[in-house]
Amino acid sequence: MLTPSQFNSMDNEFITSACISSSRDVVVATSIAGGIHVNARRPDWKYNQHSKPYPRPVIHRSTPIALEARGFGSYQPITLPTCTPLDIANIDLLRASSMDSFQNSLLDVPRLYHTLNPSLLEPNTQPGIKHLIKLKKRIVPNTIVFGQQKDMYVNVDPRKQHLKWSEQERVSEEDENTIPLELRFKEMKLNHYGFYDIDFTEYNKTFLVGLENNIPNSFLNGVVFFFWSISGLKEAVLTHFCNNPLCVTCELRFLFRMFDQGLDTKKPGIVVHATNFYRMLAHHPDSIAFGILDKVDSDASARAERFIQFVLSQMMKTVQPVRQIVGITTIQSSTCSINHATTKENTSLMITLNWSSSPQSFNQIVQNSISSSSSSSLWCESCHKEVPCRVIKRVVSLPDYLICLVGSQSPEVVNQWRSDAHFFPSSLSLTTSASTSENYSICGVLSLIQEPVSKPHLSGRQLRSHLVLHTLVTQGAYDAQWFSFNDYCITPTTEESALTFTTPWKQPICLVYKNAVMKPLHIAIPSPPPFYSSVSLGAPNIPLNYRPLPPDQLPGKNDLISIDCEYIALNCEQAEILPDGHRIVRKEADLRLGRVTVLTHELEVFVDDYILCEDTVADYLTRFSGLTRDDLELKKSQHHLVELKDAYTRLRTLVDRGCIFVGHGLSKDFHTINIFVPPEQIIDTVDIYYYPRNRRLSLKYLAKVVLNENIQEGNHDSKEDARTALELYYKYLELKKENKWDEMLKHVYEVGKQCNYYGFSGTSSPPPLE
């Protein structure tokens, strides 16, 4: 082994380590500059007796340059015919040296330095992070990245010299089997502290709202986007109100309202989740019958189609205009062998395509699926037996939106769209029984993406399936622009990309076509339900512990209200302690709203709801929430106990009225409640009483230091916490007015550092002004 000092004496660079091969032909050294130097004493050198010849770097031809072979003894200039231009000073490609171990001159065979594409080094707010993420996609194996952001270089493995580094010359490794990044499944992973530290703006630079995919049944996110993208259905759903706790339309209304409010904020990267919706599905009896709940081994495409049928059947019961929006009215006439005729009118909310083994155009397939003539054995009421009948189905009227379910197909049918990129057209022309023609244009495509699983031995499956929606957005800031919705990854796309299914990993599930002539939609807008519409589900004859406000005294636009929530855990957090003492969170706790309290700007309680829970509760979190099992027990609770939907509707009403919510840690509260509140309607004391690059302060500590009050001495009380948060905000306004705010904030942190932000027993007065 050669020591670094031997190499330092022959070069200006500092050599950190070196090693000699078993064949004694090669010495490999590494320098502090990031270089790896391979020094050989003869041209046909080998690492060992079994090694293959060392591949010489493939370099671009340029103007020949002359370099000196530097050493202790005599040397002469050596001219190279080809070389890559150097951008690093004091780097010698050839060195000659006389050492005791090597009597002959050493020939240095270096790895070439290439300057990266300048576009990869663009400035950002977090130097050294974002550009390295970009580099991961472009650097080949066995390379070393070093240098500063403005002067970054790559030490290239000579065996990978055939890969070009410029964006134009780089050989693309993608083929038809490679799924584009925007269509791949983006898994949300917890960090070591149990948080999802994901920058959603990296995946969604649009104003559209995405959905989280880390909850059960989130496979169906694409179908939720699908129904929101059909504007006629969305408008009808947003006008629906009812008291049924298992109403699918009501839960979709809550989701659609969040999508629209997020779109109106015109801020990128907004993401919500559909926890309440999927929890309701778990209790809905029809969802179990349709088979739409999480099943790893289920047919993903059939499950998505069943969910579409399930939602449309539920809308049919609650929303009257659904027939006009997506209903296809047909008349089916059946005639038996002795001319007994039976006529029946049907309304279908979707088309299940009838595929033919013979090649047909897609327009013809759709037409044959809604109007057909066939022979089959049916029951004849006149003959009182099953006889051969001729069945003719004629179209009476067509809807505003045509929903076409692709269904399962034979390999011959699949080959039709696999071999023809234009098999699915962008427009259709359909004929009714009155010989009138109606034209449709594509407005949405729901696709199933199947990608290989990285660790199939752990998951027990080879492919992971997820849904992606390509839709034409015509609302908000967008005018007829195509986007792909892949959970929280939303990117612009094209109509051609939506209708192309020539790759094996993409499969069509459903296509939506919009009528060129939309019929006037008459939706009766019902009056909203009263604010206090629910009756307590707890013990009878329990007096209210708050004062209900008359409708004319309810908080309105820009009125301050204070809110605090308490939670229960349906599933506890899963964590483990490593041998070095670090605690790693593997799965976060599944929290559910247990109590919500809202105060007016005058600190008067006007909402204090305890939430009935029919799920199995793992932990009532009494030490944090103050809740016990008896507080949430049906017919036994001594408080105002209501369904989650009733409490959520009240909060939804306050958001829509434009109230400004004041609280401590509201981002977590609203996320757990599963409600979106526009940022301009949130005042969070966690952010107000915060100094950059310091810790966040607890409500209990702020109450003692700022207000000189002791709170949370026993069990937590949401009334006390909501009142304290509003008083902290009033104190902030007072100090701002007196120009003492900066001094108070400094005092708060100085005191906290002395007592470790716990157990403070001093006064709340800030130091006197100098």
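Trainee: Which residue stands opposite His470 in E21?
Mentor: Ser484 in E21 stands opposite His470. This is a predicted model: local features need pLDDT of at least 70, side-chain atom pairs count only at pLDDT 80 or more, and totals for chains, interfaces and linings use all residues. Residues are numbered from 1 along each chain as its sequence is written, and side-chain values use heavy atoms, with hydrogens and water left out.

Trainee: What makes E20 and E21 a pair?
Mentor: Five bridges join E20 to strand E21 (residues 481-486), and they run antiparallel. Two strands pair if DSSP finds at least two bridges between them, so five is enough.

Trainee: How do you know that E19 and E20 pair?
Mentor: Count the bridges again. E19 (residues 437-452) and E20 (residues 463-473) share nine, in the antiparallel sense. One example is Ser447, whose bridge partner in E20 is Val468.

Trainee: How many helices and strands does the chain have, and what counts as one?
Mentor: The protein chain has 20 helices and 31 strands. Both are DSSP runs, numbered from the N terminus: helices are H or I with at least four residues, strands are E with at least two.

Trainee: Why are E13 and E15 called edge strands?
Mentor: Start with the sheet. Four strands form an open sheet in the order E13-E12-E16-E15, with antiparallel pairing. Strands E13 (341-348) and E15 (372-380) each pair on one side only. Neighbouring strands here are turned by 30 degrees against each other on average, direction ignored.

Trainee: What joins E15 to E16?
Mentor: Nine bridges join E15 to E16 (residues 385-397), running antiparallel. Among the partners, Ser376 has Cys389 in E16. Helix H10 (residues 362-370) lies across E12 (328-336), E15 and E16, at about 120 degrees to E16.

Trainee: What is Thr329 in contact with?
Mentor: Leaving aside neighbours within four places in sequence, Thr329 is in contact (heavy atoms within 4.5 Å) with Glu345, Asn346, Thr347, Arg394, Val395, Val396 and Ser397.

Trainee: What share of the whole chain is buried?
Mentor: Buried residues make up 48% of the 770 residues.

Trainee: Why is H18 called oblique to H19?
Mentor: The axes of H18 (residues 699-706) and H19 (residues 718-737) come within 10 Å and cross at roughly 50 degrees. That value makes H18 oblique to H19. Under 35 degrees counts as roughly parallel, over 145 as roughly antiparallel, 65 to 115 as roughly perpendicular, and the rest as oblique. Axes are lines fitted to C-alpha atoms, for helices over the stretch in contact, and angles run from 0 to 180 degrees between N-to-C directions.

Trainee: What makes E29 and E31 edges of their sheet?
Mentor: Six strands form an open sheet with mixed pairing, in the order E29-E28-E27-E24-E30-E31. E29 (641-642) and E31 (682-684) each have a single partner strand, so one side of each lacks a neighbour in the sheet. H19 packs on this sheet, touching E24, E27 (590-599), E28 (605-611), E30 and E31, and its direction makes about 140 degrees with that of E24.

Trainee: How do you know that E30 pairs with E24 and with E31?
Mentor: E24 (residues 560-571) and E30 (residues 660-663) pair in the parallel sense over three bridges. Ile561 stands opposite Phe661 in E30, and Ser562 has Val662 as its bridge partner there. Three bridges also join E30 to E31, again parallel. In E31, the partner of Val662 is Ile683.

Trainee: What shows that both faces of E30 are covered?
Mentor: Ile660 and Val662 on one side, and Phe661 and Gly663 on the other, are all buried.

Notes. Buried means under 20% relative accessible area, exposed over 50%, partly exposed in between (1.4 Å probe, protein chains only).
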